[in-house]
Amino acid sequence: MRDVTVFSGSAHPELAAEICSHLGTPLHPVQVKRFANDCLEVQLQANCRERDVFLIQPLVPPVQENLVELLLMLDAARGASAARTTVVMPHYAYARSDKKDAPRISIGARLVADLLVAAGAGRVLTMTLHSPQVHGFFSVPVDHLHALRELAAHFRQYDLSNAVVVSPDLGNAKEAAAFARLLGIGVAMGAKQRFSDDRVTISSVIGDVAGKDVIVLDDEIARGTTVIELLDRLRERGVNSIRVACTHGLFADGAVDRLGDQPDVEEIVCTNTVPIPDVKPDSKLRVLSIAPALAEAMRRIHDGESVSALFDAP
């Protein structure tokens with residue numbers, strides 16, 4: 001694409017390189033220096049003047065380090081007279097901090113959105129926000145993609161005549177229902193209560209799952225606590241088989257191995273919105289690429305075409 005300059009931060013350069021391969025445009029280097037006082041300095045090493053600049057940087061661990069690096073990249077692009085700067089953020093980690101559900105706590109999703117705009121973001125391209133309302137925290141246009149089409153294409157290789165999609169909680173029910181429609185199957189959901197970051201209780205499963213081939217769908221899996229709790233409830237209901245799917249496979253603290261060690265879990269499917277941790281050679285993990293979808297969205301943004309057309313039913 002002409003008049004486009006693409007940079008990647010340190011968070012996920014492999015995904016950025018794959019996106020640029022689909023776009024047919026080079027991925028330009030970024031120099032990051034660390035001073036003796038631990039401050040960062042960023043230099044974009046390609047011309048940005050009056051160009052359409054895309055900065056690719058998911059917020060993944062170390063989240064704060066990658067966030068500051070992204071803010072500095074935005075500031076550098078603005079100082080270099082970029083015509084427009086679009087943040088391509090496949091995973092927005094702070095989307096989990098979306099409401100004030102306890103006294104005197106911060107709403108990180110809104111604050112970080114304000115920081116990105118203040119640093120120079122003119123547009124944001126992201127994927128599967130933890131809460132849809134986070135979209136509204138940004139004061140610039142946001143293109144909010146999902147990975148349901150990629151996940152559905154994967155699962156269509158199986159016999160789905162006895163399958164059902166199960167959401168671990170009501171908050172993910174709308175996405176699970178959309179996924180079930182793409183596959184032409186039913187949907188069920190868990191009744192979840194969260195007590196802390198690593199302690200949840202699912203009291204029941206709402207819907208018909210007995211004797212079914214279950215596809216558990218969540219937006220992200222970090223420690224896997226919710227999914228493992230859901231598996232216990234599904235076993236009590238006598239399901240036939242279990243496959244697990246998510247968009248963001250964070251898999252912290254060996255979560256992918258803990259899920260894979262469950263004997264009735266046949267497969268774990270995620271996308272490459274975030275770097276995938278090292279897994280055992282016999283891992284049940286399957287990773288799907290969302291680089292083509294992000295590349296097409298970036299092309300449409302640059303050419304002034306409709307991005308919503310990417311969500312048309314196949």
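Which residues touch the most other members in the largest nonpolar core? Of the 32 residues in that core, they are Leu-44, Leu-74, Met-89, Tyr-92, Leu-116 and Phe-138. A nonpolar core here is a set of buried Ala, Val, Leu, Ile, Met, Phe, Trp, Tyr and Cys residues joined through side-chain atoms within 4.5 Å. Buried means under 20% relative accessible area, exposed means over 50%, and partly exposed lies in between, using a 1.4 Å probe and protein chains only.

Before going on, please note that this is a predicted model, in which local features need pLDDT of at least 70, side-chain atom pairs count only at pLDDT 80 or more, and totals for chains, interfaces and linings use all residues. Residues are numbered from 1 along each chain as its sequence is written, and side-chain values use heavy atoms, with hydrogens and water left out.

Helices (H or I, at least four residues) and strands (E, at least two) are DSSP runs, numbered from the N terminus. H2 gives the largest share of this core, eight residues. Apart from it lies another core, of 25 residues, including Leu-231, Ile-242, Cys-270 and Leu-285. In soluble globular proteins, nonpolar side chains tend to be buried together.

Take a look at Leu-74. Not counting residues up to four places away in sequence, Leu-74 touches Leu-55, Thr-85, Val-87, Leu-116, Ala-119, Gly-120 and Ala-121. Contact means heavy atoms within 4.5 Å.

**Helices that pack together**

Two packed helices are described by the angle between their axes and the distance between the axes. Axes are lines fitted to C-alpha atoms, for helices over the stretch in contact, and angles run from 0 to 180 degrees between N-to-C directions.

| Helix pair | Axis distance | Crossing angle |
|---|---|---|
| H1 (residues 13-23) and H8 (residues 291-303) | 8 Å | about 60 degrees |
| H2 and H3 | within 8 Å | roughly 25 degrees |
| H4 (residues 148-155) and H5 (residues 173-183) | within 10 Å | roughly 45 degrees |

Angles under 35 degrees count as roughly parallel, over 145 as roughly antiparallel, 65 to 115 as roughly perpendicular and the rest as oblique. H4 and H5 are therefore oblique to each other.

Where do H2 and H3 meet? Leu-67, Leu-70, Leu-71, Leu-74, Asp-75 and Arg-78 of H2 meet Val-112, Leu-115, Leu-116, Ala-118 and Ala-119 of H3. This H2 and H3 contact has nine nonpolar residues, no polar ones and two charged ones. For this count, Ala, Val, Leu, Ile, Met, Phe, Trp, Tyr, Cys and Pro are nonpolar, Asp, Glu, Lys and Arg are charged, and the others, Gly among them, are polar.

For H1 and H8, the partners are Leu-15, Glu-18, Ile-19, His-22 and Leu-23 on H1 and Ala-291, Pro-292, Leu-294, Ala-295, Met-298 and Arg-299 on H8. They divide into eight nonpolar, one polar and two charged.

**Val-142 and His-135**

Val-142 sits in strand S8 (residues 142-145), while His-135 is in the loop between strand S7 (123-127) and S8. Is Val-142 buried or exposed? Val-142 is buried, because its relative accessible area is 10%. His-135, at 31%, is partly exposed. Leaving aside neighbours within four places in sequence, His-135 is in contact with Leu-129, Val-142 and His-144. Val-142 and Phe-311 are 169 residues apart in sequence and 15 Å apart in space, C-alpha to C-alpha.
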